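Student: I have the sequence and the model open. Can we go through the charged pairs, the domains and the helix packing?

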Amino acid sequence: MKLTLTSDVWWKNALVYCMDIETYKDGNGDGCGDFRGLTQQIDYLDRLGISCIWLMPFYPSPDRDDGYDVTDFYGVDHRLGTLGDFVEFVRTARDRGIRVIADLVVNHTSERHPWFVSARESRDSPFRDWYVWADEPPEDGPQGITFPDREQSLWQYEERTGQYYFHRFYKHQPDLNLTNPAVRDEIARIVGFWMELGLSGFRVDAVPFMLETTGQPDAERLPDPHEYLADLRAFMARRSGEAVLLGEVNLTYPETMPYYGEERDELTMCFDFVGMQKLYLSLARGDVGPLAGALRERPHAPRDAHWATFVRNHDELTLDKLTEDERQEVFKAFGPEDRMQLYGRGLRRRLPTMFGGDMRRLRMVYSLLFSLPGTPVLFYGEEIGMGEDLDAEGRLAVRTPMQWRPGPGAGFSTADPSSFPSPVVQGEYGPDQVNVAEQRGKPDSLLSWISALAELYRQNPEFAWGDFTVLDTGQPAVLAVEFRTEDALLVTLHNFAATPVEVDIAVSGLSDSWKLADLLEDWTTEPSAEERARVSLDAYGCRWLRARHPEDVPMSS
């Protein structure tokens, strides 16, 4: 197999694990997760097969938006530890071959950040132009309120200086003015600082909002925002050839592609939001058509770039790229109650509760995640099938304490649970029923299944490096994807239906007497003389079929 595998493109076949530090593991017994607790769990993540940890914001913050309202980009929130704790965590992760990236939240700051405290006091403040101000909200300015239940406008009047400041999110999060060279330089310093302490890159928050200039004074004379993204990528590359920028770009495929860079490199990876939304529509219908269509329409990422795939993230599962009728289909299937939805555009549930705990469907979906073309991203707790807390506010429903073992504190902390950042999930998805300790070592547990998938994913580089084709199966409930390199063939099949099915697939180009061996179980099949294979799938079944020479294939069951 002629593949170029280098450390500089480690993210091509990485397994990324996103976590909220304050709800992951408490290392000092004060009721709040911290870097010491996280460091204690590195071996767990290593055994799971994680190769990259993505940290949600850990910077000093009033915590009015779960850390996304930053007051100091160069520090660690005192609740989570110290810079020394951070460095020790990164070193420990590196010792096990695990890289670390962190949220880069530079679209805005907290209103309590010293820059904004100064900027709002006087129009003559040296930080005034670090934010976006207007005498009146411009008619041609940005549109669309992100949190319609909490905000009525994107502009907030500041009485002290008689102008409005722009905030794409909450009014306590004023937007930075990235057209200001001083702001750009400061962001480069922030990035360089954390890279010097060991980070391998960043997940960039709200990229399209960060780069928007609509409605700003003299917008037509402002520099191209994409030039800044390219400059940031180049700056990082000069510091480290392995650095990655993973972008949150929730746009259509044609609108997303410019963020990869057209003339120069920009983002290294973009989340496939369209594919995720089509996946849920396919799951709701039991018909793979929407997902298959998205995979066929998805543009190839540029050279040395990649897509990132996921089935759950730290926010609501947005469905904004679906039509209103399609969105209602997904709501009916997976979030029929108003409290399960957010802003009428997304779901605030985890997958196990949406599936009613059906392990067959869970196993199938995670098999699909690991075998879709792209880099798989897990959100903490997915590996054990955690549920959500619908009594929590908004997106916090899925940011509950990690469930390590049974008991009131879930093994998250020895402190009184009333001191936790958020309550532990109760009921049938609580820690007495769902936890790491009881699933570890059980071959039929979700944790063991995901660990096995992670190992197989890393053993089969075709997922990251091969060319893929969505095959026609003749069955609306079955998705078949072929991955090819110069001398290897891999075909994955997933049945979205609750009934068994057989499919006939084309497997051209195999040498005589070669067979297809299932990597997930002891099963083989031999293609016909017409280069077709008949494959059976259980209800919600899945197969990863690799072409192998008969001498290398285990006996068929």
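Salt bridges, domains and a helix pair

Tutor: Start with Asp358 and Arg360, whose side chains form a salt bridge with an N to O distance of 3.1 Å. The model is a predicted one.

Student: Which residue forms a salt bridge with Arg395?

Tutor: The closest N and O atoms of this pair are 2.8 Å apart. Arg395 sits in the loop between β14 and α14, and its partner sits in the loop between β10 and β11, 79 residues apart, so the pair links distant parts of the chain. The partner is Glu316.

Student: For the salt bridge between Arg303 and Asp304, what is the N to O distance?

Tutor: Arg303 is exposed, with a relative accessible area of 66%, and Asp304 is partly exposed at 33%. Their side chains meet in a salt bridge, and the N to O distance is 2.9 Å.

Student: Which residues are linked with Arg64 in a network of salt bridges?

Tutor: Side chains of opposite charge can pair when their charged atoms come close. In this network, Arg64 is linked with Glu111, Arg120, Glu121, Glu158 and Arg160.

Student: How far apart are the C-alpha centres of domain 2 and domain 3?

Tutor: The domain assignment gives domain 2 as 114-166 and domain 3 as 466-548, with domain 1 made of 10-107 + 179-457. The C-alpha centres of domain 2 and domain 3 are separated by 56 Å.

Student: Are α9 and α10 roughly parallel or roughly antiparallel to each other?

Tutor: The axes of α9 (residues 273-285) and α10 (residues 289-297) come within 7 Å and cross at roughly 155°. Angles over 145 degrees count as roughly antiparallel. The two helices, α9 and α10, are therefore roughly antiparallel.

Student: How many nonpolar residues does the contact of α9 with α10 have?

Tutor: On the α9 side the contact is made by Gly275, Lys278, Leu279, Leu281, Ser282 and Arg285, and on the α10 side by Gly289, Pro290, Leu291 and Ala294. By class there are 3 polar and 2 charged residues, and the nonpolar count is 5.

Methods
Residues are numbered from 1 along each chain as its sequence is written. This is a predicted model: local features need pLDDT of at least 70, side-chain atom pairs count only at pLDDT 80 or more; totals for chains, interfaces and linings use all residues. Side-chain values use heavy atoms; hydrogens and water are left out. Domain bounds come from an automatic or database domain assignment. A salt bridge is a side-chain nitrogen of Lys or Arg within 4 Å of a carboxyl oxygen of Asp or Glu. Buried means under 20% relative accessible area, exposed over 50%, partly exposed in between (1.4 Å probe, protein chains only). Helices (H or I, at least four residues) and strands (E, at least two) are DSSP runs, numbered from the N terminus. Axes are lines fitted to C-alpha atoms, for helices over the stretch in contact, and angles run from 0 to 180 degrees between N-to-C directions. Angles under 35 degrees count as roughly parallel, over 145 as roughly antiparallel, 65 to 115 as roughly perpendicular and the rest as oblique. Contact means heavy atoms within 4.5 Å. Ala, Val, Leu, Ile, Met, Phe, Trp, Tyr, Cys and Pro count as nonpolar, Asp, Glu, Lys and Arg as charged, and the others, Gly among them, as polar.
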